[in-house]
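Please walk through this structure with me, one region at a time. Keep the sequence beside the 3D view as you read.

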Amino acid sequence: SFYHQHVMKRSRLYISMLVLCIGCLDNINVFAQNTLPAKDAISIGSAVTLPSGKGENDFTDLHKNTFCFTADANYRHFLSPHAAVGATYQFYGTHSGKDLFRCHYIAPTLTFRALQNEATSSLYFTVGAGYFHYADRIHSRTAANHTFNHGYFGTSISLGYEWMIGKSISTQLHLDFLSAKWG
């Protein structure tokens, strides 16, 4: 009877240690999955922006300080933990009365990042060069109504910070610069 109780206590100890080890391994596995992407990342976002620049009677000249809606989608394939190739699409649009402003930008990109906090956050820098399409429609001037619709070579730079908010989900805060070669 004493021998039987000793074997039962020892069995419970082994089972408890096994459960503890499995729990520790499971936590390590979950922690390893809660890092920024090592291979592929897709991001979708939107914001409110303030366009700036100088043109000749275009939307931004006529309606200075008019807020603009922005939407973007990005794909990045990481060649290493610190460098990625990808693509971006950005849309900018607003209106003021009957006047309308729309821009589309699509480009291949290169991203460089510095991982921090055991790969749960990073500082990153992205550059791109591609197609920039600008369109506006101005009706507010009776003497100079016009519609402008043209494509250009465009470039972009993005500086940002990304951090994990959950398993396989992160968020970003970034500052984007987009410009075009006006012909």
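This is a predicted model: local features need pLDDT of at least 70, side-chain atom pairs count only at pLDDT 80 or more; totals for chains, interfaces and linings use all residues.

E118 sits in the loop between β4 and β5. The phi of E118 is near 55 degrees, a positive value in a residue other than glycine. Most residues other than glycine have a negative phi. Is E118 buried or exposed? E118 is exposed, because its relative accessible area is 61%, and the cut-off for exposed is over 50%. A119 belongs to the loop between β4 and β5 as well. Its phi is also positive, near 65 degrees, and A119 is not a glycine either.

Now step back to the whole chain. It has two helices and seven strands. In what order do the elements run from the N terminus? The order is α-β-α-β-β-β-β-β-β. The chain holds 183 residues, and buried ones make up 28% of them. Its accessible surface comes to about 12100 Å². Carbon and sulfur atoms account for 65% of that surface. Consider next the contacts between residues at least 6 apart in sequence. Of these, 54% join residues at least 24 apart.

Which residues make up the largest nonpolar core? There are ten: C68, Y92, F101, C103, Y105, A107, F132, Y134, Y152 and A180. Two elements give two or more residues to this core, β4 (99–116) and β5 (121–138). The largest share, four residues, comes from β4. A search of the whole structure finds two aromatic pairs.

The charged end of R113 sits over the ring of F78, 3.8 Å from the ring centre. R76 does likewise with Y124: its charged end sits over that ring, 5.6 Å from the centre.

Next, find T88 in strand β3, which covers residues 83–96. T88 has a relative accessible area of 5%, so it is buried. What does T88 touch, leaving out residues up to four places away in sequence? The list is A73, N74, Y105, I106, A107 and T109.

Turn to S43, which lies in strand β1, residues 40–49. S43 counts as buried because its relative accessible area is 14%, and the cut-off for buried is under 20%. Which residues does S43 contact, leaving aside neighbours within four places in sequence? They are D72, A73, N74 and Q172.

Finish with M164 in strand β6, residues 146–166. M164 is buried too, with a relative accessible area of 17%. How far is M164 from T35? In sequence they are 129 residues apart. In space, the distance is 6.9 Å, C-alpha to C-alpha.

Key
Residues are numbered from 1 along each chain as its sequence is written. Side-chain values use heavy atoms; hydrogens and water are left out. Buried means under 20% relative accessible area, exposed over 50%, partly exposed in between (1.4 Å probe, protein chains only). Contact means heavy atoms within 4.5 Å. A nonpolar core is a set of buried Ala, Val, Leu, Ile, Met, Phe, Trp, Tyr and Cys residues joined through side-chain atoms within 4.5 Å. Rings of Phe, Tyr and Trp (its six-membered ring) pair if their centres lie within 6.5 Å; planes under 30 degrees apart count as stacked, over 60 as edge-to-face and the rest as tilted. A charge sits over a ring if NZ of Lys or CZ of Arg is within 6 Å of the ring centre and within 35 degrees of the ring normal. Accessible areas come from the Shrake-Rupley method with a 1.4 Å probe; for residues, only the protein chains shown count as cover.
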